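Me: Got a structure open here and I'd like to talk it through. Can you take my questions as they come?

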Amino acid sequence: MDYKYINQLLERYWNCETSLEEEGILRAFFSQKDVPAELRQYQPLFAYQQLETKEKHLDADFDNRLLAMIEEDEPIKVKARTITLTQRLKPLFKAAAVVAIFLTLGNAAQESFQTQQPSTTGMAGYNKVEKGASVALRDSAAIDTIKPVGAPAASLNVIK
């Protein structure tokens, strides 16, 4: 027997060009018991489609029963609440606080790990003042009247 028409229908089926009637012809053909050997590989595909159509489907009463079950339950009342601006910005405040803490800890760690001479550093971030000449001695109007012991009285030093 020549299965040229079935082969043409299969070719059109794989190219998605068949109508529903032609697909019905293919399903009817592959539901037979005596299918040629070269076409037997396609039989499970069309048999599966035929089994799917025999499966149980939801009846028309299903929608009505489901809607009745939904209507039996009391609707849940949801209260609307107002959210203030501070409540909306609270996550941003928390994030800013975390950033500030990290920056403070980073600065403290940076100061503690820097290599400086211990004699020139007082508190963290502040340098000690080196001992030097007094500011009062640099005044041009100051006259040194203290005589060193054993020095002649005529030697008065005027500092300019």
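Me: Which residues form one aromatic cluster?
Reply: Tyr3, Phe29 and Phe30 form it. Keep in mind that this is a predicted model, where local features need pLDDT of at least 70, side-chain atom pairs count only at pLDDT 80 or more, and totals for chains, interfaces and linings use all residues. Residues are numbered from 1 along each chain as its sequence is written, and side-chain values use heavy atoms, with hydrogens and water left out.

Me: How many aromatic pairs does the structure hold?
Reply: Four. Rings of Phe, Tyr and Trp (its six-membered ring) pair if their centres lie within 6.5 Å; planes under 30 degrees apart count as stacked, over 60 as edge-to-face and the rest as tilted. Phenylalanine 29 and phenylalanine 30 have ring centres 5.1 Å apart and planes at 80°, so that pair is edge-to-face.

Me: Those two phenylalanines, buried or exposed?
Reply: Phenylalanine 29 and phenylalanine 30 are both buried. Buried means under 20% relative accessible area, exposed over 50%, and partly exposed in between (1.4 Å probe, protein chains only).

Me: Then what's in the largest nonpolar core?
Reply: Eleven residues: Tyr3, Ile6, Leu9, Leu10, Tyr13, Leu26, Phe29, Phe30, Val35, Leu39 and Phe46. A nonpolar core is a set of buried Ala, Val, Leu, Ile, Met, Phe, Trp, Tyr and Cys residues joined through side-chain atoms within 4.5 Å.

Me: Which elements give two or more residues to this core?
Reply: Helix 1 and helix 2 do, and the largest share, four residues, comes from helix 1. Helices (H or I, at least four residues) and strands (E, at least two) are DSSP runs, numbered from the N terminus.

Me: Which residues of helix 1 are buried?
Reply: In helix 1 (residues 4–14) they are Ile6, Leu9, Leu10 and Tyr13. Seen down the helix axis, these buried residues fall within an arc of 100°, so they line one face of helix 1. The arc is that of the directions from the helix axis to the C-beta atoms.

Me: Why would residues a few places apart point the same way?
Reply: An α-helix has 3.6 residues a turn, so residues three or four places apart do that.

Me: And Phe46, where does that sit?
Reply: Phenylalanine 46 is in helix 3 (residues 43–54). At 1% relative accessibility, phenylalanine 46 counts as buried. Its C-alpha atom is separated by 7.4 Å from that of leucine 26, 20 residues apart along the chain.

Me: Changing topic: how many salt bridges are there in the whole structure?
Reply: A search finds two. A salt bridge here is a side-chain nitrogen of Lys or Arg within 4 Å of a carboxyl oxygen of Asp or Glu. In one, the side chains of arginine 12 and glutamate 22 meet at 2.7 Å, N to O. That pair links distant parts of the chain, with arginine 12 in helix 1 and glutamate 22 in helix 2, ten residues apart.

Me: What does arginine 65 form a salt bridge with?
Reply: Aspartate 61, with the closest N and O atoms 3.5 Å apart. Arginine 65 is partly exposed at 43%, and aspartate 61 is partly exposed at 38%.

Me: OK, what about cysteine 16? Where does that lie?
Reply: Cysteine 16 lies in the loop between helix 1 and helix 2, and counts as exposed at 70% relative accessibility. Cysteine 16 also has a positive phi of about 60°, although it is not a glycine. Most residues other than glycine have a negative phi.

Me: Last one: which residues make the nonpolar surface patch?
Reply: Leu66, Leu67, Met69 and Ile70 make it, about 390 Å² in area. Patches are made of residues with over 30% relative accessible area and no salt bridge: like charges are joined within 9 Å, nonpolar side chains (Val, Leu, Ile, Met, Phe, Trp, Tyr) within 5 Å. Accessible areas come from the Shrake-Rupley method with a 1.4 Å probe, and for residues only the protein chains shown count as cover. Isoleucine 70 is in helix 4 (residues 61–72) and is exposed, at 52%.
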